[in-house]
Amino acid sequence: MADLVINFLDVGQGDGTFIVCPTGEKILIDFGTVKNGAIAVPDAMTFLKTQFTGSKNLDLLVVTHADRDHYNRIEALFTELSLTVTEVWISGAVNDYYMNSFSTFLKKLGTKVKIFAKNYHTTKDFSTPEKTFGGVKFFILSVNLNYPNYSDPNPYSLVLMVTYKGVSCVLPGDATFDTENAIIKYFGAPKLQSTALKMGHHGSAVTSSGAPWIAAIKPKALFISADNRFNHPSCAVINQFTNIDTWEQHNYYCYNAGPPTPGYQVVPSTQAICTSMLDKDQGVQYALFVEPNGNMVIGSTNY
């Protein structure tokens with residue numbers, strides 16, 4: 001069995017990541033969808049039910065930002081599984097999460113919701129994690145960039161780096177070019193190189209994954225949560241990640257703006273590019289496993 005498991009859930013056009021630490025702590029980062037939720041979310045729910053057969057407590061809930069495709073299924077998950085939660089982190093303010101009455105749900109959690117200051121980061125030298133569970137360290141690379149100056153919540157995204165036994169994974173929510181550049185300026189590019197990256201903003205080519213960010217992260221594995229909407233994920237931006245390690249065969253759909261004709265296409269790859277899209281409307285749940293010896297394995301949530 002793996003020591004650390006990071007599950008990249010298929011929720012349709014949305015986002016959801018579920019982490020299980022070596023000492024049993026459970027962390028959920030986003031859980032929402034705006035397309036094909038009826039197809040994908042039941043499988044994700046079935047999987048999550050298997051993770052709470054004993055204790056019904058979630059140790060940490062992180063809502064990266066106030067776009068509904070990152071949070072509109074959380075309350076239903078809590079209700080169906082009768083979950084409790086020890087601590088909640090959000091970007092922005094509680095009242096920003098007005099869709100689906102989620103702000104009311106957050107307020108019922110009372111003091112469990114942690115609000116961060118404008119332009120908040122973990123210490124620049126990574127000496128003090130925001131949270132540690134069984135040796136797994138959680139660092140905040142950015143949250144509330146210039147809050148509340150943007151009309152769009154994406155730049156405020158709470159960007160996490162999770163590290164364990166020499167393996168690191170960056171989870172950026174819908175962080176934009178501005179967020180990425182602010183992180184690079186604060187920490188310096190050499191400190192940001194990571195083993196794995198969840199692609200920002202579902203693989204958008206017009207808002208995220210700028211050249212400096214790609215050059216800084218240099219991931220060995222790339223995970224993408226998207227489902228054929230808003231031209232996500234984009235072949236153009238995926239193709240910029242030329243340093244990704246070779247891996248088992250994966251087929252995925254991505255949007256090609258042309259030539260000759262704009263549209264979605266199947267892309268076979270032997271690189272570690274793992275997207276929830278296997279065809280236009282049905283996906284798969286991938287997981288990153290860190291084994292006791294520190295080796296990284298990519299598999300499914302059925303590992």
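This is a predicted model: local features need pLDDT of at least 70, side-chain atom pairs count only at pLDDT 80 or more; totals for chains, interfaces and linings use all residues.
Colleague: How many cavities of 30 Å³ or more does the structure hold?

Modeller: Two. The largest cavity has a volume of about 60 Å³.

Colleague: What lines the largest cavity?

Modeller: Eleven residues line the largest cavity, and Phe8, Ile224, Cys274, Ser276 and Tyr286 are the ones nearest its centre. The elements that contribute two or more residues to this lining are β14 (221–224) and β17 (273–275).

Colleague: How do the lining residues of the largest cavity divide by class?

Modeller: Seven are nonpolar, three are polar and one is charged.

Colleague: How does anyone find empty space like that?

Modeller: A probe the size of a water molecule is rolled over the atoms, and this shows where empty space is left.

Colleague: OK, pockets now. What is the volume of the largest pocket?

Modeller: The largest pocket contains about 190 Å³ of space.

Colleague: Which lining residues lie nearest the centre of that pocket?

Modeller: Ala66, Asp96, Tyr98, Ser151 and Pro153, out of 16 residues that line the largest pocket. Sorted by class, the lining of the largest pocket has nine nonpolar, four polar and three charged residues.

Colleague: Change of topic. Where is Asp59 found?

Modeller: Asp59 sits in the loop that runs between β4 (57–58) and β5 (60–63).

Colleague: What does Asp59 touch, leaving out residues up to four places away in sequence?

Modeller: Asp59 is in contact with Gly24, Glu25, Lys26, Thr86, Glu87 and Phe133.

Colleague: Take Lys26 from that list. What separates the C-alpha atoms of Asp59 and Lys26?

Modeller: A distance of 5.4 Å, although the two residues are 33 residues apart along the chain.

Colleague: Which atom of Lys26 lies 2.9 Å from the side chain of Asp59?

Modeller: The backbone nitrogen of Lys26, and the 2.9 Å runs from that nitrogen to a polar atom of the Asp59 side chain.

Conventions:
Residues are numbered from 1 along each chain as its sequence is written. Side-chain values use heavy atoms; hydrogens and water are left out. On a 1 Å grid over the protein atoms alone, a cavity is a set of points where a 1.4 Å probe fits but cannot get out, and a pocket is an open set with protein on both sides within 12 Å along at least five of seven lines; lining residues have an atom within 4 Å of a point. Grid points are joined across faces, edges and corners, and a volume is the space filled by probe spheres set on the points. Ala, Val, Leu, Ile, Met, Phe, Trp, Tyr, Cys and Pro count as nonpolar, Asp, Glu, Lys and Arg as charged, and the others, Gly among them, as polar. Helices (H or I, at least four residues) and strands (E, at least two) are DSSP runs, numbered from the N terminus. Contact means heavy atoms within 4.5 Å. A polar contact is a pair of N or O atoms within 3.5 Å; within protein, one must be able to donate a hydrogen and the other to accept it, and residues adjacent in sequence count only if both atoms are side-chain atoms.
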